[in-house]
Amino acid sequence: MSDYEPDNIFARIIKGEIPCHKIFEDETTFAFMDIMPQSKGHALVIPKTGSRNLIDAKDAVLADLIVKTRRIARAILVATEADGFRIAQFNEPAAGQTVFHLHFHIIPVYEGIPLRPHGEQEADHGQLAALAEMIRAAL
Ligand code: 5GP
């Protein structure tokens, strides 16, 4: 497994060098809308500490991250009225990982509506901004 590269897209989003539709931030965690969502409300939750993926993350980082992920998932369910949600997390390119900073996907699921493919189509930024605002309000 390669090393963590501190200049990856998500590290730059945390530093504010690349814009995002932010949902949540505290001292350890950052959450924002996925720009190529698989469903309405698809969001990403990342630790501020750099790790490439699940394998090299510290136990304490993971313990904190999953609790924050659940909190944000609850807010997404309220804001979107989704029927359920998936948590996804990919490790290494063979498994579909494309950004090498640990992240959990929260992917809302709606009865009868299939998920779009992973990372394929960029969403309308006005819609992403409106969703981020609704999710923030539900937190
Ligand atoms: P992975 O394939 O590594 O699990 O997921 C990376 C995710 O990041 C994809 O779902 C992709 O749509 C999303 N993504 C890639 N680049 C950006 C970006 O610049 N901003 C945001 N908000 N999401 C991104």
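Visitor: I'm looking at strand S3 in this model. Which residues cover its one side, and which the other?

Guide: Ala 43, Val 45 and Pro 47 sit on one side of S3, while Leu 44 and Ile 46 sit on the other, and all of them are buried. One thing to keep in mind as we go: this is a predicted model. As for the general idea, side chains in a regular strand alternate between the two faces of the sheet. Here both faces of S3 are covered.

Visitor: How many of the residues in S3 are buried?

Guide: The count is 5 of 5, so S3 is mostly covered, with "buried" standing for under 20% relative accessible area.

Visitor: And which strands pair with S3?

Guide: Strand S2, residues 29-33, runs antiparallel to S3 and is joined to S3 by 5 bridges. Strand S5, residues 104-109, also pairs with S3 in the antiparallel sense, over 3 bridges.

Visitor: Let's turn to charges. How many salt bridges are there?

Guide: The general idea is that side chains of opposite charge can pair when their charged atoms come close. In this model the count comes to 7 salt bridges.

Visitor: Show me one. What does Glu 25 pair with?

Guide: Glu 25 makes a salt bridge with Lys 48, and their closest N and O atoms are 2.7 Å apart. Glu 25 belongs to strand S1 (22-25), whereas Lys 48 is in the loop between S3 (43-47) and helix H2 (59-80), so the pair ties together parts 23 residues apart in sequence. Glu 25 is partly exposed at 36% relative accessibility, and Lys 48 is partly exposed too, at 28%.

Visitor: What about a salt bridge inside a helix? Where do Asp 64 and Lys 68 lie?

Guide: Both are in helix H2, 4 residues apart, which is about one turn of the helix. Lys 68 counts as buried at 13% relative accessibility, whereas Asp 64 counts as partly exposed at 24%.

Visitor: Which residues are joined into a network by salt bridges that share partners?

Guide: Arg 12, Lys 15 and Glu 17 are joined into one network that way. Within that group, the side chains of Glu 17 and Arg 12 meet at 3.0 Å, N to O. Glu 17 is partly exposed at 42% relative accessibility, and Arg 12 is partly exposed with 29%.

Visitor: Is Lys 15 buried or exposed, and where does Lys 15 lie?

Guide: Lys 15 is exposed, with a relative accessible area of 51%, and lies in the loop between H1 and S1. If you'd like a sense of scale, Lys 15 and Arg 70 are 55 residues apart in sequence and 24 Å apart in space, C-alpha to C-alpha.

Technical notes
Residues are numbered from 1 along each chain as its sequence is written. This is a predicted model: local features need pLDDT of at least 70, side-chain atom pairs count only at pLDDT 80 or more; totals for chains, interfaces and linings use all residues. Side-chain values use heavy atoms; hydrogens and water are left out. A salt bridge is a side-chain nitrogen of Lys or Arg within 4 Å of a carboxyl oxygen of Asp or Glu. Buried means under 20% relative accessible area, exposed over 50%, partly exposed in between (1.4 Å probe, protein chains only). Helices (H or I, at least four residues) and strands (E, at least two) are DSSP runs, numbered from the N terminus. Two strands pair if DSSP finds at least two bridges between them.
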